[in-house]
Structures are given as structure tokens and as C-alpha cells.
Amino acid sequence: LFSISRYAFGPSGRPAAGEGLAGVPGGASVMFEVELIGWTAPKREVWEMGAGEVLDEAARLKASGGQAFGAKDYRGALAAYRAAARLLLDEAPLEGYASLGELRAPAGRTRCAQPPSAPSTRPWETVMPH
């Protein structure tokens, strides 16, 4: 990596860092040797993912929340579960649907009604016609 003086050590330079090591004179440009130790690909944004990837990420977050809950890390579990829910509720990776979490029917289709004898125990779920 080459650096001009202005971005390296400037007009004052740098004194020797120890015995047997050379200093850098003022106004000198320097050449650094850089070794890459490791690299991790950046996490993709949700809008870059397909529906399958979104579901996989939500499942990973759910599993992480389950592990945290099992370890009695309730705050960690809550954070993981919230992240999974947010991922599913806020994004709309399925064409024609408002969101994965609600799975609203596409425009022009209506939701199936629940029979009166079977009240929903999960009000956030929307029943889809088969």
C-alpha cells in the first residue's frame, strides 16, 4: 500500500520505533506491506434476498433464539425472535403478497373466514384459500 507523506507521517516523520528499526524522515512517502488475515463476505440486505433466503434467515434467527432461550438468555432470545418476526413482517419478497408475515391474498382475492366454532389462537395468522 503506497501512501504519500501527507497521509503517512507528515512533515515531522516518525522516529525509530526500537533498536534496529529505521525511522521515517519527514516528508517521506511510504510503502506498507499489508497481509490479509481473514475476510467475511458482508451480510446481504433483505431486499437483495429471494423468498427462500428470507425464510432461511428467519429460521436461522428462530433457532438462535431457541438456543438463547435454552441458555436462559431471555433478552438474547427476545432479540433473535424480534429480528425474525421483523424480517417476516416487514419485507415483501413474494410477488403479489403484502408481506410474508401476514401473507395477505393478492389484490382481488379475499381471506377465508374462520368457522365460529374454531376461534383463531393466533390472530396474526391469515388463513389462505387452497
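**Close-ups of a predicted model**

At 46% relative accessibility, Tyr74 counts as partly exposed (buried is under 20% relative accessible area, exposed over 50%, partly exposed in between, with a 1.4 Å probe and protein chains only). This is a predicted model, so to speak of local features takes pLDDT of at least 70, and side-chain atom pairs count only at pLDDT 80 or more, while totals for chains, interfaces and linings use all residues. Residues are numbered from 1 along each chain as its sequence is written, and side-chain values use heavy atoms, with hydrogens and water left out.

**View A. Tyr74 pairs edge-to-face with Phe69.** Their rings sit 5.3 Å centre to centre, with 70° between the planes (rings of Phe, Tyr and Trp, the last by its six-membered ring, pair if their centres lie within 6.5 Å; planes under 30 degrees apart are stacked, over 60 edge-to-face, the rest tilted). Phe69 is partly exposed too, at 48%.

**View B. Phe9 and Phe32 make a tilted pair.** Here it's 6.4 Å centre to centre and 55° between the planes. Phe9 is partly exposed at 28%, and so is Phe32 at 35%.

**View C. Ser3 is tucked away as a buried residue, at 10% relative accessible area.** Leaving aside neighbours within four places in sequence, Ser3 is in contact with Ala8, Ser29, Val30 and Phe32 (contact means heavy atoms within 4.5 Å).

**View D. Six residues make up the largest nonpolar core.** They are Met49, Val54, Ala58, Leu61, Ala84 and Leu87 (a nonpolar core is a set of buried Ala, Val, Leu, Ile, Met, Phe, Trp, Tyr and Cys residues joined through side-chain atoms within 4.5 Å).
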